[in-house]
Amino acid sequence: MAKRHPVPRLLLISDARNDAFLARALARLPRGAQGQGGASGLVFRHYHLDPPARARRFAALRKLARAHGVMLIAAGPPCGRGAQGRYGAPGTLARVPGPPQSGLRLATAHNGREIGQAVRARADAVLLSPVFPTRSHPGGRVLGGLRFALLAARCPLPVLALGGMDAARARRLVAPQGPAHGWAAIDGLSG
């Protein structure tokens with residue numbers, strides 16, 4: 001089996017809603033050890049921007065992430081160099097060019113079938129969601145704490161909780177108390 005990349009325990013996910021607060025949020029994230037991957041990371045999505053604006057925002061956030069010792073993980077269409085990993089559905093990760101060693105691969109999953117797809121796509125970790133109700137998908141079906149814990153316990157990869165997460169909920173779900181390796185949020189880390 002290929003050597004896995006260090007997986008951050010805390011991920012801030014970019015969105016149109018939190019763009020104005022990202023500089024302040026990045027400054028508050030835990031720093032990583034030099035050359036060992038971050039204790040935290042920024043998943044750059046910014047799907048709301050056109051390609052030129054997205055590339056400019058990526059470059060600006062890349063500088064901030066480096067300055068704060070935060071890993072930068074890219075999602076969606078390529079928008080520049082310097083990302084330390086990729087984020088997306090298992091099918092999109094399977095199509096990312098290059099060997100798995102070329103960067104951290106974070107797969108999204110919502111059920112056991114998608115966890116299996118992430119394993120086959122050679123992801124380094126799974127973001128399992130939505131754990132709780134979230135503004136991103138109002139009224140959508142959620143896993144809840146128990147179902148999340150059952151799926152996370154059966155996953156052979158590190159699992160990060162996503163969806164309605166905040167620090168209080170993370171304390172219940174993240175190891176050593178809970179089954180998750182870490183957690184991720186849009187609103188829960190950018191306020």
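# A guided tour of the chain

Start with charge. The protein chain has 28 positive and 7 negative charges, and their mean positions lie 7 Å apart. Keep in mind that this is a predicted model.

**Stop 1: the whole chain**

Show the protein chain as a cartoon. Look for 6 helices and 8 strands. Follow them along the sequence and you get the pattern β-α-β-α-β-β-α-β-α-β-α-β-α-β. The radius of gyration is 15 Å, close to the 16 Å that the globule rule gives for 191 residues, so the chain is as compact as a globular protein of that length. Along the principal axes, the C-alpha atoms fill a box of roughly 40 × 40 × 30 Å.

The accessible surface of the chain is about 9,500 Å². Carbon and sulfur atoms own 57% of that area. Of the 191 residues, 47% count as buried. Contacts tell another part of the story. Take those with a separation of 6 or more: 55% of them join residues 24 or more positions apart.

**Stop 2: helix α5**

Select residues 144-154, which form helix α5. Which residues of this helix are buried? They are Gly144, Phe148, Leu151 and Ala152. Turn the view until you look down the axis of α5. The buried residues fall within an arc of 100°, so they line one face of the helix. Here is the background: an α-helix has 3.6 residues a turn, so residues three or four places apart point the same way.

Next, colour the face of α5 turned away from the buried side. Leu146, Leu150, Ala153 and Arg154 are there, and they are exposed.

What covers the buried residues of α5? The cover includes two helices, α4 (112-120) and α6 (167-173). It also includes the strands β6 (125-128) and β7 (159-162).

**Stop 3: the loop between β6 and α5**

Select Ser129 and Pro130. Both sit in the loop between β6 and α5. A cis peptide bond joins the two residues, with omega at about -15°.

Stay with Ser129. Is Ser129 buried or exposed? At 9% relative accessibility, Ser129 counts as buried, because the cut-off for buried is under 20%. Leave out residues up to four places away in sequence, and Ser129 touches Ala109, His110, Leu143 and Leu162.

Now draw a distance from Ser129 to Gly144. They are 15 residues apart in sequence. In space, C-alpha to C-alpha, they are 9.3 Å apart.

**Stop 4: His46**

Select His46. Find this residue in the loop between β2 (40-44) and α2 (51-67). Phi of His46 is near 45°, a positive value in a residue other than glycine. His46 has 0% relative accessibility and counts as buried.

**Stop 5: Arg122**

Last, select Arg122 in the loop between α4 and β6. Phi of Arg122 is near 60°, again a positive value in a residue other than glycine. Arg122 has 49% relative accessibility and counts as partly exposed, whereas His46 counts as buried.

Notes. Residues are numbered from 1 along each chain as its sequence is written. This is a predicted model: local features need pLDDT of at least 70, side-chain atom pairs count only at pLDDT 80 or more; totals for chains, interfaces and linings use all residues. Side-chain values use heavy atoms; hydrogens and water are left out. Buried means under 20% relative accessible area, exposed over 50%, partly exposed in between (1.4 Å probe, protein chains only). Helices (H or I, at least four residues) and strands (E, at least two) are DSSP runs, numbered from the N terminus. The arc is that of the directions from the helix axis to the C-beta atoms. Contact means heavy atoms within 4.5 Å. The radius of gyration is taken over C-alpha atoms; the globule rule is 2.2 Å times the number of residues to the power 0.38. Accessible areas come from the Shrake-Rupley method with a 1.4 Å probe; for residues, only the protein chains shown count as cover. Lys and Arg count as positive and Asp and Glu as negative; His and the chain ends are not counted. The place of a charge is taken as NZ of Lys, CZ of Arg, CG of Asp or CD of Glu.
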